[in-house]
Amino acid sequence: MKILVIEDEIKVAAALKKGLEAEYYDVVLAHTGEEGFFLLNTQTFDIIILDLMLPGRDGFEVLSTLRRRGIETPVLILSALDAVENRVRGLDSGADDYLIKPFAFPELSARIRLLLRRGRGDTLLRLKLADLEMDLVSRKATRGGHPLDLTVKEFELLEYLLRHQGRIVSREMLARDLWQVKARSTPLDNVIDVHIARLRRKVDGPFEHKLLKTVRGVGFVLREDRP
Ligand code: CA
């Protein structure tokens with residue numbers, strides 16, 4: 001998942017980059033709206049984090065320009081301007097969310113996940129981690145270019161883990177979101193564990209680098225461990 005951060009304050013931009021990279025996002029920084037446009041012309045992003053007070057064209061102008069150009073990437077405004085009229089103006093100009101500075105990083109992170117789940121960007125039709133890829137249109141998954149023969153449930157499970165890549169997915173989350181069961185139970189935990197085990201054999205079994213990990217007592221995480 002790739003994030004464009006348009007923010008002129010060097011320190012804030014650097015802190016955002018560091019925090020988001022720790023959560024396994026790819027982060028590209030732009031310090032002006034112009035730089036942002038240039039990057040948007042040459043690369044695809046899953047989400048844009050936009051500051052409002054920018055030198056030259058301000059965030060409102062940047063936002064309305066990119067919407068006019070048909071760029072539909074979700075935009076999260078991050079701004080010290082907390083007046084209601086600014087929030088309304090931001091949302092009216094085509095922003096998907098608005099967060100006031102100073103903000104708590106976990107909140108930013110949660111809002112990003114929400115925007116990504118809403119999935120407006122076309123890039124979300126393809127999910128990727130290391131050499132593991134999923135094409136949600138053709139319903140195909142591959143690892144290192146080799147097709148993975150997944151059942152419908154395994155495909156769903158892998159998609160869910162990939163959408164949450166780098167973050168722990170608990171059995172509660174899987175029960176709720178993939179089995180539509182609210183309360184946890186031992187039989188369901190066992191069913192989940194069996195599915196995870198089968199998926200792991202297919203996704204990781206023959207490959208040297210293991211991506212699907214168990215976090216003891218908590219859940220599972222799909223992650224590429226960097227040296
Ligand atoms: Ca600023």
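Here are a few notes on the sheet, the helix packing and the ring contacts in this predicted model.

1. Ground rules. Residues are numbered from 1 along each chain as its sequence is written, and side-chain values use heavy atoms, without hydrogens and water. Because the model is predicted, local features need pLDDT of at least 70 and side-chain atom pairs pLDDT 80 or more, while totals for chains, interfaces and linings use all residues.

2. The sheet. Five strands form an open sheet in the order β2-β1-β3-β4-β5, with parallel pairing (strands are DSSP E runs of at least two residues, helices H or I runs of at least four, numbered from the N terminus; a pair needs at least two DSSP bridges). β2 (26-30) and β5 (97-100) are the edges, each with a single partner strand, so one side of each has no neighbour in the sheet. Five bridges join β1 (residues 2-6) to β2, and Ile3 has Val27 as its bridge partner in β2.

3. The helix pair. The axes of α6 (residues 152-163) and α8 (residues 186-203) come within 10 Å and cross at roughly 80° (axes are lines fitted to C-alpha atoms, for helices over the stretch in contact, with angles from 0 to 180 degrees between N-to-C directions). The two helices are therefore roughly perpendicular (65 to 115 degrees).

4. Charges over rings. Lys2 lies over the face of Phe45, at 5.2 Å from the ring centre.

Key: Angles under 35 degrees count as roughly parallel, over 145 as roughly antiparallel, 65 to 115 as roughly perpendicular and the rest as oblique. A charge sits over a ring if NZ of Lys or CZ of Arg is within 6 Å of the ring centre and within 35 degrees of the ring normal.
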